[in-house]
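Please examine the sequence and the structure below.

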Amino acid sequence: MRVAFLGLGIMGHSMATNVAKAGHEVTVWNRTPGKVVEGANIAPTPAAAAQGAEVVWMCVSDTDAVEKVVFGHDGVEQSLTEGMIIADSSTISPAATLKFAERVAPQGVAWVDAPMTGSKIGARDGTLVFIVGGEESQIERLKPLFAAMGKKIFRMGETSKGQATKLAMNLQIAVIFEGFAEALTLATKLGVDAEKLLQLIEATMVRSGVVEYKAPFILNRDFTPNFPLRLMHKDIRLTLEAAKEVRVKLPALETVEEIYEMATEDGNQDLDYAATLTLLEKWAGVQVKGKVAA
Ligand code: NA7
């Protein structure tokens, strides 16, 4: 397939690489020039990348970035053609997604929202899980590309339902991780060994994928970004906004958002979101340690 891939950040670069590796004809564009993808052409603007493409796949930071890439100066909009699909793997507002889809629909262009989960490692290994909203027939057409980048697709409903579901998923990750970080901090302060606590967690119903994934990084004090705190913070804000629009109250997430705000004030925004732990540690005057820690 002829694919334009826009946005070569932590996730996008690996995703575009995997699409090119699978033999598709890929043209990439990134806001900051200089990024290359093996086997892909480079375009100077989103409009140029999208020229003649069957699919325009995006993976940029947030709602504003998607709006600029599609509808801004030299945006994809200039190159829309009947039958094109815009697939968006950025995590953005469900309401804005609907608005964008309505704006391109008169030109015969379908919008598929395809945020994903699986982090940096899933993007690298082509094992992402896509959470998708859109027409079934359009999703069917995208299957070879989904297969190049991921291992599973969940269609959650029509356009925007992928984004809505992604927010509901990240809500859980943020709240579960916060519970884990608070438990580690308190246990450490009370003199409990963190590794023993982890063994207990794993043997009981308290275990979770979030804990399993994050525990080794925490024990190694490795807060390099798998999923940067600033992006999880963005998702928490999006979730609170989406909840407000439908008059749903999320008290736990509201509190977690305050912690992200303070972690950002502490300068941790470019670290992994697991670095929210360091704020709790600072307040408690302890540091969670494992045997593998230095
Ligand atoms: P990164 O590594 O922060 O990458 C973000 C990408 O988005 C990167 O290519 C940026 O270009 C691009 N970007 C950011 N703002 C803009 C604007 N205004 N216009 C065009 N392009 C922009 O994020 P990830 O790859 O980890 O995540 C991407 C999405 O997937 C995000 O929604 C996550 O929540 C899930 P740059 O190189 O900075 O010029």
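In this predicted model, 12 residues of domain 1 are in contact with 12 residues of domain 2. On the side of domain 1 that touches domain 2, two helices, α4 (94–104) and α5 (119–125), each supply at least two residues. Of the elements there, α5 gives the most, with 3 residues. Sorted by class, this side of domain 1 comprises 6 nonpolar, 4 polar and 2 charged residues.

Domain 1 covers residues 2–157, and domain 2 covers residues 164–284. When their centres are taken over C-alpha atoms, domain 1 and domain 2 are separated by 28 Å.

Attention may now turn to the ligand. How many residues surround the ligand, and which are the closest? The ligand is surrounded by 22 residues, and the closest are G9, M11, R31, T32 and A65.

Which helices each supply at least two residues of the shell around the ligand? They are α1 (10–21), α3 (63–71) and α10 (229–245). The largest share of this shell comes from α3, which provides 4 residues.

For the side of domain 1 that touches domain 2, the corresponding numbers are 6 nonpolar, 4 polar and 2 charged.

How values were computed. Residues numbered from 1 in each chain as written. Predicted model: local features only at pLDDT ≥ 70, side-chain atom pairs only at ≥ 80, totals over all residues. Near = placed C-beta within 6 Å. Domains from an automatic or database assignment. Contact = placed C-beta atoms within 7 Å. Nonpolar A, V, L, I, M, F, W, Y, C, P; charged D, E, K, R; others polar.
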